[in-house]
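Hello,

Here is the structure I promised to pass on. Please open it first, then read my notes below.

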Amino acid sequence: MMFVVVTVSYLVNSLVFPGLLIVISFFLSRLINSIISFTKRVSEDILLKSSLIAAAISYGIWTLQFFILGMGLGFFIPLIWHIILVILFFVINWIFTKKFVRDETKKSLIGLEDRLKEKDEERKRIEESLKKEKVLLDVQGLVTYFYTEEGIVRAVEGVTFQIYEDEVLGLVGETGCGKSVTALSILQLIRSPGEIVGGKVLFQGVDLLKLSGEEMRTYRGDQITMIFQDPLNSLNPVMKVGDQIIEVYLNHKMDELYAEAGKSALKNDVIKTDLASKKGLMDLIKEKITTITIKSEDPNIKDSSKNLEKIELEEDELLSLLSEEKVLKEELKEIEKYINIFAIARKWAAKVIKDVGIADPDAILDRYPHELSGGMRQRVMIAIALSCSPKLLIADEPTTALDVTIQAQILQLIKRLQKGFKTSILMITHDLGLISEICDRVAVMYSGYIVEYGTIFQLFKKPYHPYTQGLIKAIPRVEKKVENLLTIPGMVPNLIYPPGGCRFHPRCEYCFEPCPTINPKQLEVEPGYFVACHLYDPAYKDLVPPVFEQQKKIKEEGL
């Protein structure tokens, strides 16, 4: 009696509990997958594979329990029973999985549609507000310092400018004036020992400087993107080009990817149903043709010619169905490629690579950065930057490391894509020739300050600040032959120990009394045109040096 109790107890412990555990885990996995399908948008393909892997693991555990039971009782289950059990186990799992996955996919698509509608409504709301204000990015009094062992590097001092919707703003100045630091501050990419000390960066009305790191990541790469100076150092050398573009979509376009995958899966089911119905019709027509053929061969039936006509009609219908079936199979084959979100992301990556003017995008996606030329790498960087159709693109000297021919191609590409994607651009460079080619407005930066800011036409026609005048004079001209180009005297100041007052005064030919002690404020000298210089401040008009007045008069007479 005791032996029977022990045996039954052992059977319960070895078989019933593990079996119960498997059943519970099966339905629990369905519940978890159902929840995940709403929040993480897991595709049908992933759900199905995860279920089958779980089934294999579960059966492995169960087989181990049977083996232990066999060792304890002295008998073993034959191999044929294992095969039958595993087939049964997988068939049941497959049927249940298919049913649950279809339901979960449909629920997931409903959730996705609602979420995408919310995104679309938010985008329309932002676009409406931009139409009223037109200001996309508003930088107000941005201050960024670097706390080094030698002292505080005052890299950016109260920088203020705006970028409007669908425009290109140039940020120009000598090397070390704070252009790149300004761009990195906008994206909160300043590394230690750097720190953003003050100011506001309003993007579509949201102050980016108040956002947490996690919140900021939703903007970077999606709403605001950046092209860095050296594409070879900016691209990951151990990742293929395609993987680096796909990563952007996986970080910022998951909802859209799963929605696309879900639609493909549903379309796939519709086509399969259509194919099954056509196959049924073809079988029916074949039966009809066989019946009519038998009748036509019967010597007792006189209407053999009519039967032959019927056969021809049925054969025409059969050929038509065969043609439709072939088209559907080809369409099904194409759709099945894009049920997987990674395949969809790769398709999008190939399209954006083609958009930036690279031939054979599929081959380029499988290459590493070191296998590409400098121009190709820069195009890949632009493709990554434009992959999510950002509102703002920051281009930090994108043509510096390229030869003149490739520079021209890249500039043409940026102009074309800016119109196509309706993206605003902050173009950072020290090249005024490049600025004149691509920009609508320009901000001239010197030693951490914006010294002149306005339309490109006004800046080249009538520059106000002595620093801007010096930069334009230093540009070589085709129509004038000179032995030596004009240069701005002196050196860029050390930002740890910057000069007092106006930072340009040690190099300025018009320096006068307030310049060494008082920092100039931005003045609106013409509508929408600003200059930070004491020469145009009404408070100091009586102190302006005569040399400046004479030069001003000569220029006006020349014009």
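Which residues of the largest nonpolar core touch the most other members? They are Ile 245, Ile 382 and Met 427, in a core of 72 residues. Take Ile 382 as an example. Leaving aside residues up to four places away in sequence, Ile 382 touches Ile 227, Val 356, Ile 410, Leu 413, Ile 414 and Leu 417. There is also a second, separate core, with 37 residues. Val 139, Phe 161, Val 181 and Leu 208 are among them. As background, nonpolar side chains in soluble globular proteins tend to be buried together.

Now the overall picture. This is a predicted model. The protein has 559 residues, and 42% of them count as buried. It has 17 helices and twelve strands. Take the contacts between residues at least 6 apart in sequence: 69% of these join residues at least 24 apart.

How far can you trust it? The average pLDDT is 76, and 67% of the residues score at least 70. Confidence is highest in strand β9 (residues 441–446), at a mean of 91. It is lowest in helix α1 (residues 2–39), where the mean is 54. Over residues 37–42 the pLDDT is below 50. That stretch still has 16 contacts in the model beyond near neighbours in sequence. Where pLDDT is low, the predicted coordinates should not be read in detail.

Next, two buried residues to look at.

Lys 253 sits in the loop between α7 (241–252) and α8 (254–296). Lys 253 is buried but has no salt bridge. Which side chain of opposite charge is nearest to Lys 253? It is Asp 222, 4.1 Å away. Beyond residues up to four places away in sequence, Lys 253 touches Asp 222, Val 248, Trp 348 and Cys 388.

Ser 387 is in the loop between α12 (374–386) and β7 (392–396). Is Ser 387 buried or exposed? Its relative accessible area is 8%, so Ser 387 is buried. A polar atom of its side chain lies 2.8 Å from the backbone oxygen of Ile 384. Ser 387 also touches Ile 245, Val 248, Tyr 249 and Val 352, again not counting residues up to four places away in sequence. Two links follow from these lists. Val 248 is touched by Lys 253 and by Ser 387.

Helix α8 holds Glu 260. Glu 260 is partly exposed, because its relative accessible area is 30%. Glu 260 and Ala 345 are 85 residues apart in sequence, yet 10.0 Å apart in space, C-alpha to C-alpha.

Last, the backbone. Most residues other than glycine have a negative phi, and most peptide bonds are trans.

- A cis peptide bond joins Ser 192 and Pro 193, with omega about 10 degrees. Pro 193 is in the loop between α4 (179–186) and β4 (194–203).
- Asp 166 has a positive phi of about 60 degrees. Asp 166 lies in the loop between β2 (152–164) and β3 (168–172). With a relative accessible area of 35%, Asp 166 is partly exposed.
- Asp 360 has a positive phi of about 55 degrees. Asp 360 is in the loop between α10 (341–355) and α11 (361–365).

Best wishes

Note on methods. Residues are numbered from 1 along each chain as its sequence is written. This is a predicted model: local features need pLDDT of at least 70, side-chain atom pairs count only at pLDDT 80 or more; totals for chains, interfaces and linings use all residues. Side-chain values use heavy atoms; hydrogens and water are left out. Helices (H or I, at least four residues) and strands (E, at least two) are DSSP runs, numbered from the N terminus. Buried means under 20% relative accessible area, exposed over 50%, partly exposed in between (1.4 Å probe, protein chains only). Lys and Arg count as positive and Asp and Glu as negative; His and the chain ends are not counted. A salt bridge is a side-chain nitrogen of Lys or Arg within 4 Å of a carboxyl oxygen of Asp or Glu. Contact means heavy atoms within 4.5 Å. A polar contact is a pair of N or O atoms within 3.5 Å; within protein, one must be able to donate a hydrogen and the other to accept it, and residues adjacent in sequence count only if both atoms are side-chain atoms. pLDDT is the predictor's confidence in each residue, from 0 to 100. A nonpolar core is a set of buried Ala, Val, Leu, Ile, Met, Phe, Trp, Tyr and Cys residues joined through side-chain atoms within 4.5 Å.
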